[in-house]
Amino acid sequence: RRTAILISGRGSNMAALLAAATDPAYPAEIALVLSNRADAAGLARAVEAGIPTAVVASRGFGKDRAAFEAAMEAELAAHGVELIALAGFMRVLTEGFTRRWEGRMLNIHPSLLPAFPGLDTHARALAAGVRLHGCTVHLVTPGVDEGPIVAQAAVPVLATDAEEALARRVLAEEHRLYPTALAWLASGQLRLENGRAVLNTAP
Ligand code: GRF
């Protein structure tokens with residue numbers, strides 16, 4: 001199914017999704033990489049991979065989130081997008097947008113939700129002294145980082161860890177987890193039912 005990846009920066013999760021989607025058997029086709037920043041490093045990687053890209057500069061819309069999202073919707077429609085994967089997309093989406101894409105939009109978050117929603121997750125995990133940390137793929141609902149959990153991967157927190165080392169360990173898991181979760185959504189194995197993510201992996 002035709003999928004857009006929304007980014008704001010580096011795009012390493014985007015790259016992991018693009019790599020997975022080069023397999024003809026992969027159920028998601030990456031139809032568009034959309035960035036809200038023209039300077040997102042991930043855009044160049046998408047162009048290199050031959051994927052259509054678009055920039056809808058959120059800055060140009062000031063506080064008018066509805067107008068920003070309408071411009072994004074126009075790009076999504078122009079590329080026949082059916083599913084969205086948020087991958088380091090740093091804008092909060094309105095309730096209207098998330099409702100419209102309910103059950104069709106995933107996000108990856110660098111913590112074991114519901115612990116550490118929001119920013120600076122690795123520093124906060126270190127400060128809290130947790131022994132396990134990780135990443136979560138969830139369906140997107142209006143509450144930020146609150147949607148139904150689809151999949152998680154855990155990593156140990158080591159006594160020697162600084163933020164960068166921990167972030168690197170989590171990121172490696174993100175790159176494994178997200179392609180799997182998107183494949184579930186695109187194949188129809190993953191559905192939103194009564195506010196829960198239901199996974200049917202039976203043949
Ligand atoms: C990742 O840690 C992701 O979990 C979070 O933002 C970061 C984006 O990194 N939402 P990248 O742009 O995918 O490299």
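User: Which elements each supply at least two residues of the shell around the ligand?
Analyst: In this predicted model, helix H1 (12–21), strand S5 (105–109) and H6 each supply at least two residues of that shell.

User: Which one gives the most?
Analyst: H1 does, with three residues.

User: And which residues come nearest to the ligand?
Analyst: There are 16 residues around the ligand, and Arg10, Ser12, Asn13, Gly88 and Pro110 come nearest.

User: How do the shell residues divide into nonpolar, polar and charged?
Analyst: Seven of the shell residues are nonpolar, seven are polar and two are charged.

User: Back to H6. At what angle do the axes of H5 and H6 cross?
Analyst: Roughly 115°, and the axes of H5 (residues 121–128) and H6 (residues 163–187) come within 9 Å. The two helices are therefore roughly perpendicular to each other.

User: Is that crossing left-handed or right-handed?
Analyst: The crossing of H5 and H6 is right-handed.

User: Which residues make the contact?
Analyst: From H5, His122, Ala123, Ala125 and Leu126; from H6, Glu163, Leu166, Ala167 and Val170. Six residues of this contact are nonpolar, one is polar and one is charged.

User: New topic: Ala4. Where is its place?
Analyst: Ala4 is in strand S1 (residues 2–7).

User: Buried or exposed?
Analyst: Ala4 counts as buried, because it has 24 C-beta neighbours inside 10 Å and the cut-off for buried is 20 or more.

User: What does Ala4 touch?
Analyst: Leaving out residues up to four places away in sequence, Ala4 touches Ala31, Leu32, Leu34, Leu76, His79, Val81 and Ile84.

User: How far apart are Ala4 and Asn200 in space?
Analyst: They are 23 Å apart, C-alpha to C-alpha, and 196 residues apart in sequence.

How values were computed
Residues numbered from 1 in each chain as written. Predicted model: local features only at pLDDT ≥ 70, side-chain atom pairs only at ≥ 80, totals over all residues. Axes fitted to C-alpha atoms, helices over the stretch in contact; angles between N-to-C directions. Helix = DSSP H or I, 4+ residues; strand = E, 2+ residues; numbered from the N terminus. Parallel < 35°, antiparallel > 145°, perpendicular 65-115°, else oblique. Left-handed = near helix turned anticlockwise from the far one by under 90°. Contact = placed C-beta atoms within 7 Å. Nonpolar A, V, L, I, M, F, W, Y, C, P; charged D, E, K, R; others polar. Near = placed C-beta within 6 Å. Buried ≥ 20, exposed ≤ 12 C-beta atoms within 10 Å, placed from the backbone.
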